[in-house]
Amino acid sequence: MRLTIAAAGVLLAFDASAAPGSEVPLHVQFAPDSACIDDDALARELRGRGLRVADPGESAAADVKVQARPTGPGYEATMVLMTPGDAPAVRVIAAASCEEVWSSFALALALALAQLPDAPVDRAPPPPAPEPPPPPPAPPEKKLLFDVAALTRVNLGVTPDPAISIGLAADVEFRRDKGIFASRARLGILALPASASSQGKYALQSVELGFCPLRVNLPEVVHSPVVVRPCGSLEMGRLQGAAEGQAAGELGASFWFALKTSLSARWVPTRPLFIEVEAGLGLPVSRPAFSYGGAVIFEVPWIIGHTGIVAGVLFP
């Protein structure tokens, strides 16, 4: 028969006290290539189980052959126990150290010899069954997060010359602890104050609704990761124009509607503050055109662009 015994299990299953001179003698023989050969440690562990190594020429209750070898994380010892009138019994002992090998070795011998008549060691009850492992942790739940921010943008193509707009924005985010699927929606109010150029003065007031479906975490910067998001948005509002100089006068106002795409990168230097930079392109669907005296002074191009910076506060 074959039995595997783990050293960490039931080493205290038997009473280690035995009356002097009452130990059961055993013949123990090591294989030539065995590891962990320690006669003193073996003798000490056997005495603790009411056993001992028999003297040369002394009759013994059993013959034991042992081969121990390293197994990477620990050691494994194969024991062949031969008693009169019985077939050889094989036990395999796995342990983390040589000391545990011999402790388990002595326990295995005591367990086997407990089946013989007049054995000095009482059989112990089997160890209790191990408790079932705890259930796996529940997957992270979605969290609804909010933030408010102020933003500044440099707009290209909305007016004849690059123009700066300012505004406020509020974000709501469905976020998981890990993974790229963490969508965010943004509502922003923007104002481009009247800016003068060689082609007149122009002003834009708009509302922007954006959506960012994904989130990608880049390496940390000062203990905080940089979060990159691809986004799309709709911008609606009113674009006004006025001529200057000798031809001063209103050029009129036009409905503004644009589709935009952008890429943003957010960094949280210390909660709850965050900083975000963005850049993107847009397609002005309405393409307002302003004319004076029958001549077109300015027409919004097919492609516009912007770059900006956002600073805000996270809740919670």
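**Arg 229 and Glu 173.** I started with a salt bridge in this predicted model: Arg 229 pairs with Glu 173, and their closest N and O atoms are 2.7 Å apart. I looked up where the two sit, and the pair links distant parts of the chain, with Arg 229 in strand S12 (residues 225-243) and Glu 173 in strand S8, 56 residues apart. Are they buried or exposed? Arg 229 counts as buried because its relative accessibility is 4%, and Glu 173 counts as buried at 9%.

**A network.** Next I followed salt bridges that share partners, and they join Asp 147, Asp 171, Arg 184, Arg 186, Arg 266 and Glu 276 into one network. I picked Asp 147 and Arg 266 from it, whose closest N and O atoms are 3.2 Å apart.

**Arg 69 and Glu 76.** Here I found another salt bridge, 2.9 Å from N to O. Arg 69 is partly exposed, at 42% relative accessibility, and Glu 76 is partly exposed too, at 21%. Glu 76 belongs to strand S5 (residues 75-82). Beyond its neighbours within four places in sequence, Glu 76 is in contact with several residues, including Gln 67, Thr 71 and Val 92.

**Strand S14.** I went on to S14, which has a covered face and an uncovered one. S14 runs antiparallel to strand S17 (residues 304-315), joined by ten bridges. Which residue in S17 is the bridge partner of Gly 282? I found Ile 304 there.

**A nonpolar patch.** Leu 281 and Leu 283 turned up again in a nonpolar surface patch of about 670 Å², together with Leu 234, Leu 259, Val 285, Trp 302 and Ile 303. Val 285 lies in the loop between S14 and strand S15 (289-292), and is partly exposed at 46% relative accessible area.

**Thr 159.** My last stop was the loop between strands S7 and S8, where Thr 159 sits. Thr 159 is buried, with a relative accessible area of 3%. The Thr 159 side chain reaches the backbone oxygen of Asp 161 at 2.5 Å. Among the residues Thr 159 touches are Leu 192, Tyr 202 and Phe 298.

Notes:
Residues numbered from 1 in each chain as written. Predicted model: local features only at pLDDT ≥ 70, side-chain atom pairs only at ≥ 80, totals over all residues. Heavy atoms only, no water. Patch = residues over 30% accessible without salt bridge, like charges linked within 9 Å, V, L, I, M, F, W, Y side chains within 5 Å. Areas by Shrake-Rupley, 256 points an atom, 1.4 Å probe, with all protein chains shown as cover. Salt bridge = Lys/Arg side-chain N within 4 Å of Asp/Glu carboxyl O. Helix = DSSP H or I, 4+ residues; strand = E, 2+ residues; numbered from the N terminus. Buried < 20%, exposed > 50% of the residue type's maximum accessible area, 1.4 Å probe, protein only. Polar contact = N/O pair within 3.5 Å; in protein donor to acceptor, adjacent residues only side chain to side chain. Contact = heavy atoms within 4.5 Å. Pairing = 2+ DSSP bridges.
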